[in-house]
Amino acid sequence: MSSVIDRPAGGLATPTDQDVQAYLATGLRNRWYPVLPGRFVEAGGRPLGLKRLGEKIVLWRDSQGTIHVQADRCPHRAVPLSKGMNEGDRLRCAYHGVEVGPDGTVLAVPGQPGCPLEGRKAVKTFPAIEQADAIWVWFGDGLHAEPAPFNPPEQIAGGAWSSFCCYADWNASWRYIYDNLMDPMHGTFLHANSHTMYQGDTQAVFVTRDTPKGFVFEKAGQRDVNFDWSEFLDDGALHVRLEIPYPRTGGPGGNFGIISVITPIDETNSACFFFRVRRVQGWQRDVWRFLYRTKLEPRHWHVLEQDREMMDGCGLGLEKHEMLYQHDAGLIRLRRYLAKEARQQLMALKEAGKA
């Protein structure tokens, strides 16, 4: 039987459960995370400071509209670069005028030209991609500065699908929000008054089915009735996919899909991205998008608000008070998966002397 004092062959202490939980508090590393809708950052506009995965970052677009994401810290006196100016091809710190390029190189130190800071790559720069109206950033650990391939689910990759990027900040741990997404049964109760989620059995047996990049947790014998299943995927980013059956009055495109990606801000706050998707093209795409904006969007935010109210203020440590049962097998499996991934990352960092 293993214990917290067991040591692997290399002689390094195995991370304890407490180590793993502390590491996961601000997110699992070596993944792509959406940090903000792209429309919030204007070309040539003021830099924008954020916190994501416990790190302070600055977002800015150069004069050509290309997005850049860097550590929000001037290399001179460590004040926020987000308080400075966007010069079109660089940021200029407001404190002493130090200029930093898109790759993190110090381009000029006006107060002392030729000083050793000039020419140094002194500001951490994060790989960033724009997809589905969101800015995605690679948060690697000390061994994975270079990003893995970005493989968004087909529903938000364009093509045959149309999507809306719905964004909100919630006062809850990112992990509890994922737990909520992997709990289809709550839809029958919490969302019983929804225009699409009032049907379905209040009792159900759930089964788990493996997929190439994760697993599906679903109600046995019920499909296309309510919030019947959730699929967890880990393919360079963590996603949860689900569908809400729609009546004909909901417009063309079949079931209404949601791709959810929850980005930790810190231990108790999360940036939530709910990509609303339908498989529509041509005139049906136009009809769906018009119908969504004019009729359906407020109803969807109402459902999300019910979830947010349940999650509001949920800090870390709820697990010690829980008494779980069969309907919770999906979130239990997800928790175990995240803990396993975190433990492996911690061990690799220890072995490399970077923990």
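Pockets, cavities and strands in a predicted model

Guide: The largest pocket is lined by 21 residues, and N180, D183, H186, D328 and L331 are those that lie nearest its centre. This is a predicted model, in which local features need pLDDT of at least 70 and side-chain atom pairs count only at pLDDT 80 or more, while totals for chains, interfaces and linings use all residues. Residues are numbered from 1 along each chain as its sequence is written, and side-chain values use heavy atoms, with hydrogens and water left out.

Visitor: What makes a space a pocket or a cavity?

Guide: On a 1 Å grid over the protein atoms alone, a cavity is a set of points where a 1.4 Å probe fits but cannot get out, whereas a pocket is an open set with protein on both sides within 12 Å along at least five of seven lines; a residue belongs to the lining if it has an atom within 4 Å of a point. Grid points are joined across faces, edges and corners, and the volume is the space filled by probe spheres set on the points; for the largest pocket this volume is about 500 Å³.

Visitor: Which elements give two or more residues to the lining of the largest pocket?

Guide: They are α2 (174-181), α3 (186-190), α4 (282-311) and α5 (329-351), where helices (H or I, at least four residues) and strands (E, at least two) are DSSP runs numbered from the N terminus.

Visitor: How many cavities are counted?

Guide: The count comes to two cavities of 30 Å³ or more. The second largest cavity has a volume of about 40 Å³, and its lining consists of R175, Y178, D179, E319, L334, R335 and L338, with α2 and α5 as the elements that give two or more residues.

Visitor: Why is strand β12 called mostly covered?

Guide: Buried means under 20% relative accessible area, exposed over 50% and partly exposed in between, with a 1.4 Å probe and protein chains only. In β12 (residues 161-170), nine of the ten residues are buried, so the strand is mostly covered.

Visitor: How do you know that β12 and β18 pair?

Guide: Two strands pair if DSSP finds at least two bridges between them; β12 and β18 (residues 270-279) have ten bridges in the antiparallel sense, and therefore they pair. Within this pairing, D169 stands opposite A271 in β18.

Visitor: Why are β2 and β9 called edge strands?

Guide: Four strands form an open antiparallel sheet in the order β2-β3-β4-β9, and β2 (48-52) and β9 (125-126) are its edge strands, each pairing on one side only. Inside that order, five bridges join β3 (residues 55-61) to β4 (residues 67-71), and the bridge partner of V58 in β4 is Q70.
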